[in-house]
Amino acid sequence: MEHKKTYFSRTFPHDEGKLIIEGPVSSERLASFEFHEGLKAFRPSKQQQEALVKIAAFPEGRINVARIENMVVGYVTFLYPDSLERWYEAELANLIELGAVEVVAAYRGARIGKSLLELSMLDDAMEDYIIITTEYYWHWDLKGTGLNVWDYRNMMEKMMRAGGMEFFSTDDPEVCSHPANALMARIGKRVDQESIERFDRVRFKHRVNY
Ligand SMILES: CC(=O)SCCNC(=O)CCNC(=O)[C@H](O)C(C)(C)COP(=O)(O)OP(=O)(O)OC[C@H]1O[C@@H](n2cnc3c(N)ncnc32)[C@H](O)[C@@H]1OP(=O)(O)O
């Protein structure tokens, strides 16, 4: 599958300078930005920058960022699922995963997350993909936000819906291991029926139970 990537950018006024939401960003540009040290939800910001620089170089990889001047304060990633995940087993070249989304704590609640999701779906090429995301409460910053799991899930839902993501049921044990966990997905307009059926089959591996 050819992974066409078209660059988009949006600029918003911000007290600290211009807030730019843009992407997909190339590895070289990503490496040239500074990563705010508050981007530490998944790993320390320097290591996260290195990981994102690598993902941006993958044929299917997409990194969209929110930055103020040269300082990245938020990002979202899209790439193929990890080979250890069941979604990989579908062997679908047109299935990608929203792997991570993060906004520095001091910049949260200002629509940056939603704007990242909205911008991500501007590229018409996204209509060729099934885009999934798994939400596990153990990845959430419950301590930092002071939200309980249900309020956090509500926030995640609002943000993901801004990108057209919807809830999909599954019997995946990790997703099912806590009621606040969820699988969300967006099936592009040009995704063929066979891919959708394969995605359905991989969502339910123990169909006999249903
Ligand atoms: C696949 C994964 O990556 S799962 C892990 C997700 N990432 C994390 O949990 C990392 C830590 N958290 C974060 O980085 C951020 O909180 C994010 C990325 C989840 C959200 O980013 P934000 O820029 O704050 O989101 P944004 O401002 O667009 O808010 C989205 C919605 O949630 C609401 N919201 C945001 N923060 C809060 C809050 N603290 N309390 C209640 N509602 C909130 C917003 O009002 C908005 O809803 P609205 O449309 O009704 O106004």
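**Exercise 1. Locate E69 in this predicted model and decide whether the residue is buried, partly exposed or exposed.**

Solution. In this predicted model, E69 belongs to the loop that joins β4 (62-68) to β5 (71-79).

**Exercise 2. Carry out the assignment for E91, and state what its phi is.**

Solution. Begin with the position, which is the loop between β5 and β6. The relative accessibility of E91 is 64%, and exposed means over 50%, so E91 counts as exposed. The phi of E91 is about 50°, a positive value in a residue that is not a glycine. For background, most residues other than glycine have a negative phi, and most peptide bonds are trans.

**Exercise 3. Determine whether the peptide bond from G23 to P24 is cis or trans.**

Solution. The omega of this bond is near -5°, and the bond from G23 to P24 is cis. P24 itself is placed in the loop between β2 (17-23) and α1 (27-32).

**Exercise 4. Find which side chain and which backbone nitrogen lie by the side chain of D171.**

Solution. First place D171 in the loop between β8 (166-168) and α6 (173-176). Its relative accessible area is 8%, and buried means under 20%, so D171 is buried. The side chain of R86 makes a polar contact with the side chain of D171 at 2.7 Å, while the backbone nitrogen of K205 is 3.0 Å from a polar atom of the D171 side chain. Helix α6 contains V175, which at 7% relative accessibility also counts as buried.

**Exercise 5. Describe where the ligand sits and which residues come nearest to the ligand.**

Solution. The ligand sits in the largest pocket. The elements that each contribute two or more residues to its shell are β6 (95-103), α3 (112-120), β7 (130-135) and α5 (149-161). Among the 25 residues around the ligand, those that come nearest are V103, G109, R111, K114 and Y152. By class, the shell divides into 13 nonpolar, 6 polar and 6 charged residues. Turning to individual distances, an N or O atom in the side chain of K114 is 2.3 Å from a ligand oxygen, a backbone N or O atom of G109 is 2.7 Å from a ligand oxygen, and a polar backbone atom of R111 is 2.8 Å from a ligand oxygen. The protein covers 81% of the 1,000 Å² of accessible area that the ligand has on its own.

How values were computed
Residues numbered from 1 in each chain as written. Predicted model: local features only at pLDDT ≥ 70, side-chain atom pairs only at ≥ 80, totals over all residues. Heavy atoms only, no water. Near = heavy atom within 4 Å. Polar contact = N/O pair within 3.5 Å; in protein donor to acceptor, adjacent residues only side chain to side chain. Areas by Shrake-Rupley, 256 points an atom, 1.4 Å probe, with all protein chains shown as cover. 1 Å grid on protein atoms, 1.4 Å probe; cavity = no way out; pocket = protein on both sides within 12 Å on 5 of 7 lines; lining within 4 Å. Sits in = over half its atoms within 2 Å of the grid points. Helix = DSSP H or I, 4+ residues; strand = E, 2+ residues; numbered from the N terminus. Nonpolar A, V, L, I, M, F, W, Y, C, P; charged D, E, K, R; others polar. Buried < 20%, exposed > 50% of the residue type's maximum accessible area, 1.4 Å probe, protein only.
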